[in-house]
Structures are given as structure tokens and as C-alpha cells.
Amino acid sequence: MNRQLLYRSGQLYEFTASDMIRLLLQSREDNARRGVGGMLALRDGLFMQLLEGPAEVVDALFSRIAADPRHCEVRLLVRGERAEPLLPGWRMAWAEAPLGEGETATFAGLDTDRRALVLLERAGDDPVARTLRAFLHGEPVPPGGLVPAAAGGWR
Ligand SMILES: Cc1cc2nc3c(=O)[nH]c(=O)nc-3n(C[C@H](O)[C@H](O)[C@H](O)COP(=O)(O)O)c2cc1C
């Protein structure tokens with residue numbers, strides 16, 4: 001089983017494009033070494049990050065990330081298990097919203113990994129996928145993340 005962990009936080013440090021690219025490249029390299037993957041999403045100065053991988057590695061990484069002074073108000077939304085990763089092969093996909101036509105990315109040279117978004121769409125009712133999609137669309141996300149609609153959930 002894979003640990004699946006989803007949190008959100010507020011961006012504190014004013015990342016330049018090269019800061020953000022460096023953070024992402026470094027994270028991808030470190031995550032690949034540790035067998036961790038997921039997605040880092042940004043919308044309106046808020047981050048949402050999905051971490052997936054071996055339980056103890058993901059938990060230790062989250063403790064490090066939560067202590068990182070570049071963001072604040074880190075709120076854990078989901079900490080669960082999943083047989084297969086939601087984003088297999090992605091060492092840290094990047095997504096920035098709004099995703100509308102013609103809107104320019106905040107960080108020049110850092111394009112949203114649209115193939116990872118396709119995987120989120122295909123995951124349908126999966127609660128973590130729904131929560132990430134809601135975040136990227138600017139919809140409210142309750143403290144525990146979204147639950148499957150079939151379970152009589154939030155939406
Ligand atoms: C929003 C955000 C997301 C991050 N995601 C990762 C990540 O996926 N993997 C990673 O190794 N470090 C990530 N980091 C960086 C870690 O917080 C930390 O700086 C890095 O693991 C190096 O830790 P160390 O200085 O203790 O070696 C992230 C930092 C921030 C602010």
C-alpha cells in the first residue's frame with residue numbers, strides 16, 4: 001500500500017520563477033531517489049500538494065515540508081492508503097490555476113503538467129482527485145478534503 005497525503009498551505013516566500021523551478025527540480029530529484037511522487041498545485045497564493053509513496057518516507061518528507069519557512073499555515077487534509085498511486089510516474093507534477101485560455105503563468109518557463117491533470121480527471125470520484133480539482137477550480141475545500149459523492153458527501 002502507498003501512503004497518500006494531501007495538504008494545503010499559504011505561500012509565504014515570494015518565489016521568483018527561478019526559485020520555483022529550482023524547488024521543483026530539486027524536489028523531483030529527491031523524490032525520485034526516495035520513490036515519492038505527487039503534485040504541487042498553486043492557486044491565488046495557496047499551495048496544495050499531494051505526496052504519494054512508501055508510508056514512512058512520505059510521513060518524514062511531510063514533516064520536513066511542514067517546517068519549511070517558505071510557506072505557512074500547513075493544513076493536513078488527507079492521510080490515507082491507496083493500492084496504486086493516483087499519479088504513477090510523476091515525481092512532482094506542477095499545476096497552476098487559473099487554467100483559462102490565454103492566462104499567463106506566474107512563473108515564466110513553468111508550464112502546468114496537463115497530462116497529470118488528465119489523470120486527475122480520469123480518477124473521477126476519487127476523493128483526493130476531486131479535492132485537487134476543486135482547489136484548482138477555486139472551489140471551497142472542507143478541512144478533511146472532499147469525500148466521494150456516492151457516499152453522500154459534500155457535493
Ligand atoms: C510548497 C513546498 C513543497 C515542497 N515539496 C517538496 C517535495 O516534494 N520533495 C522534497 O524533497 N522537498 C520538497 N520541498 C522542500 C522541503 O521543504 C525541504 O526544503 C527539502 O526537502 C530539503 O530539506 P533539507 O534541507 O532538510 O534537506 C518543498 C517545499 C515547499 C515550500
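# Briefing: sheet, cores and aromatic pairs

Strands S2 and S5 pair in the parallel sense, over five bridges. They belong to an open sheet of five strands with mixed pairing. The model is predicted, and the mean pLDDT of its protein chain is 91.

**The sheet**

- The strand order is S4-S1-S3-S2-S5.
- S4 and S5 stand at the edges, and each has a single partner strand. One side of each is therefore left without a neighbour in the sheet.
- From one strand to the next, the twist averages 15°.
- Helix H1 lies across S2, S3 and S5. Its direction is at about 150° to S5.

**Strand S5**

- Alanine 41 has alanine 95 in S5 as its bridge partner.
- Leucine 42 has glutamate 96 in S5 as its bridge partner.
- Ala93, Ala95 and Ala97 point one way from S5. Trp94 and Glu96 point the other way.
- Is S5 enclosed by the rest of the structure, or open? Five of its five residues are buried, so S5 is largely enclosed.

**The nonpolar cores**

- The largest nonpolar core has 24 residues. Leu6, Met39, Leu120 and Leu132 have the most contacts inside this core.
- Strands S2 (37–43), S3 (46–53), S4 (71–82) and S5 (93–97) each give two or more residues to the core.
- Another core, of 18 residues, lies apart from the largest one. Phe15, Ile65, Met92 and Leu110 are among its residues.
- In soluble globular proteins, nonpolar side chains tend to be buried together.

**Around leucine 6**

- Beyond its neighbours within four places in sequence, leucine 6 is in contact with Met48, Gln49 and Leu50, among others.
- Its contacts also include Arg75, Leu76, Leu77 and Val78.
- Val128, Thr131 and Leu132 are in contact with leucine 6 as well.

**Aromatic pairs**

- How many aromatic pairs does a search of the whole structure find? The search finds four.
- Tyrosine 7 and phenylalanine 62 form a tilted pair. Their rings are 5.5 Å apart centre to centre, with 45° between the planes.
- This pair links distant parts of the chain, 55 residues apart. Tyrosine 7 is in strand S1 (residues 2–11), and phenylalanine 62 is in helix H2 (residues 55–66).
- Why does tyrosine 7 count as buried? Its relative accessibility is 2%, and buried means under 20%.
- Phenylalanine 62 is also buried, because its relative accessible area is 14% and the cut-off is under 20%.
- Phenylalanine 15 and phenylalanine 47 form an edge-to-face pair. The distance is 6.1 Å centre to centre, with 85° between the planes.
- Phenylalanine 15 lies in the loop between S1 and helix H1 (17–34), and phenylalanine 47 in strand S3. The pair therefore ties together parts that are 32 residues apart in sequence.
- Both phenylalanine 15 and phenylalanine 47 are buried. With Tyr13, they form one aromatic cluster.

**Confidence**

- In the protein chain, 92% of residues reach a pLDDT of 70 or more.
- Over residues 150–155, pLDDT stays under 50. The model has 10 contacts beyond four places in sequence for this stretch.
- Where pLDDT is low, the predicted coordinates should not be read in detail.

Note on methods. Residues numbered from 1 in each chain as written. Predicted model: local features only at pLDDT ≥ 70, side-chain atom pairs only at ≥ 80, totals over all residues. Heavy atoms only, no water. Core = buried A, V, L, I, M, F, W, Y, C linked by side-chain atoms within 4.5 Å. Buried < 20%, exposed > 50% of the residue type's maximum accessible area, 1.4 Å probe, protein only. Helix = DSSP H or I, 4+ residues; strand = E, 2+ residues; numbered from the N terminus. Contact = heavy atoms within 4.5 Å. Phe/Tyr/Trp six-rings, centres within 6.5 Å; stacked < 30°, edge-to-face > 60°. Pairing = 2+ DSSP bridges. Axes fitted to C-alpha atoms, helices over the stretch in contact; angles between N-to-C directions. pLDDT = per-residue confidence, 0-100.
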